[in-house]
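Trainee: Before I use the labels attached to this structure, I would like to know what each one rests on.
Mentor: Then ask about them one at a time.

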Amino acid sequence: MPTTGMSGAAGAAGRPLVALAAAGALLAGCADPQPIDDAAYTDLDLSPDQELVRAEKNPELAAVPESIAEDGKLTVAYPSQPSPPFFLFATDNATPIGVEVEQARLLADKLGLELDLQPIDWTAWPLKLQSGDVEVVHFNIGVTRERLEIFDFATCRAALMAFFSRNDFEGTIESYEDISGLRIAVGAGMTQERILLEWNELLEAEDKEPAELAHYTNGQDMVLAVAAGRVDAAADDSPAAAYRASLRDDLKVVGRVNEGWPDETVIGSTTKRGDGLAPVLTAAYNELIDEGLYLEALDKWGLAAEAIPKS
């Protein structure tokens, strides 16, 4: 749905056990037998000529604001730095692919517009959107109370975090009780850390052992730490965790939690506030959901768990 207001999750940082992982020291002498970002190790089609999920134009949805339609293009910003499965380059190192690109293409199809992809840096998207340089931003952007004061959204996916571990990990990680006594890799300052800090507070309030948090600066280092047994599990965005697990035969996803915990939040196609585009994109998403194309596009990238029943 086009969003104009929602509840946000609030949380105070506790004081759990925290370990700072120095990647250089920890990785020295540790050879990983399997490449991390090699297309040969995933079932996903990363070729430039992969089969695309396409939609038919709906003339009613094509009645987008004139300022959007006049050039015949839907200009969508995507990350300038690869972040699979949201965005990455195909095996030709030139063709942009990923779930954010897939959903942008489907929206353009429905609106009868040519898709114009513009790579930009994360820090630049708010200004680019407000200035009109781009019309939609696809950056895996969560809908928050603060952002709703400045932007409009057409909700497109659930906002989930996931835990991944080795194949021999027993059980699941879906609530605070499940992390007691574990050592978990996480990015400092990320939403996942905020949730883990609050879960540790709940454990300590019940006189249970909190999790030990090991901070890593990038997802690849977290993968190596999990695979080598230096941590019990790692917490990341659900799409990123699923993608990384798909590249390996020794890792698996062991649980998912909404990133708005204890409330719920969603991911949205982000537009300039008040330009009238978000309701049109919402209608397009709902038609894609009804046609099955929405789920087909998510499933193509292993993200069926992110599907929402209605935009």
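**Labels and their grounds**

Mentor: With a relative accessibility of 7%, Thr 75 counts as buried. The model is a predicted one.

Trainee: Why is Thr 75 called buried?

Mentor: Buried means under 20% relative accessible area. Thr 75 has 7%, so the label applies. Thr 75 is part of strand E3, and its C-alpha atom is separated by 8.6 Å from that of Val 137, 62 residues apart along the chain.

Trainee: What makes Asp 49 exposed?

Mentor: Exposed means over 50%. Asp 49 has 65% relative accessibility and therefore counts as exposed. The residue sits in the loop between helix H1 (23–27) and helix H2 (66–69).

Trainee: Which residues gather with Asp 49 in a patch of negative charge?

Mentor: Asp 45, Glu 51, Asp 92, Glu 296 and Asp 299 gather with Asp 49 in that surface patch. As for the word negative, Asp and Glu count as negative. Like charges are joined into a patch within 9 Å, and the members have over 30% relative accessible area and no salt bridge.

Trainee: What makes Arg 194 and Glu 198 a salt bridge?

Mentor: Their N to O distance is 3.4 Å, and the limit is 4 Å, so the pair passes. Arg 194 and Glu 198 both belong to helix H6 (residues 191–205) and are four residues apart, about one turn of the helix. Glu 198 is buried because its relative accessibility is 9%.

Trainee: How many salt bridges does the structure hold?

Mentor: There are 14. One of them joins Glu 206 to Lys 208, with the closest N and O atoms 3.1 Å apart. Both of these residues count as partly exposed, because Glu 206 has 35% relative accessibility and Lys 208 has 38%.

Trainee: Why is strand E14 called mostly covered?

Mentor: Five of the seven residues in strand E14 (residues 266–272) are buried, and buried means under 20%.

Trainee: What makes the bond between Pro 84 and Pro 85 worth a label?

Mentor: Most peptide bonds are trans. The bond joining Pro 84 and Pro 85 is cis, with omega about 5°. Pro 85 is in the loop between strand E3 (73–79) and strand E4 (88–89). Another cis bond runs from Trp 261 to Pro 262, with omega near 10°, and Pro 262 is in the loop between E13 and E14.

Trainee: Why are Asn 93 and Asn 140 pointed out?

Mentor: Most residues other than glycine have a negative phi. Asn 93 has a positive phi of about 60°, and Asn 140 has a positive phi of about 55°. Asn 93 lies in the loop between E4 and strand E5 (96–97), while Asn 140 is in the loop between strand E7 (136–137) and helix H5 (145–148). Asn 93 counts as exposed because its relative accessibility is 64%. Asn 140 has 17% and so is buried.

Technical notes
Residues are numbered from 1 along each chain as its sequence is written. This is a predicted model: local features need pLDDT of at least 70, side-chain atom pairs count only at pLDDT 80 or more; totals for chains, interfaces and linings use all residues. Side-chain values use heavy atoms; hydrogens and water are left out. Patches are made of residues with over 30% relative accessible area and no salt bridge: like charges are joined within 9 Å, nonpolar side chains (Val, Leu, Ile, Met, Phe, Trp, Tyr) within 5 Å. Accessible areas come from the Shrake-Rupley method with a 1.4 Å probe; for residues, only the protein chains shown count as cover. A salt bridge is a side-chain nitrogen of Lys or Arg within 4 Å of a carboxyl oxygen of Asp or Glu. The place of a charge is taken as NZ of Lys, CZ of Arg, CG of Asp or CD of Glu. Helices (H or I, at least four residues) and strands (E, at least two) are DSSP runs, numbered from the N terminus. Buried means under 20% relative accessible area, exposed over 50%, partly exposed in between (1.4 Å probe, protein chains only).
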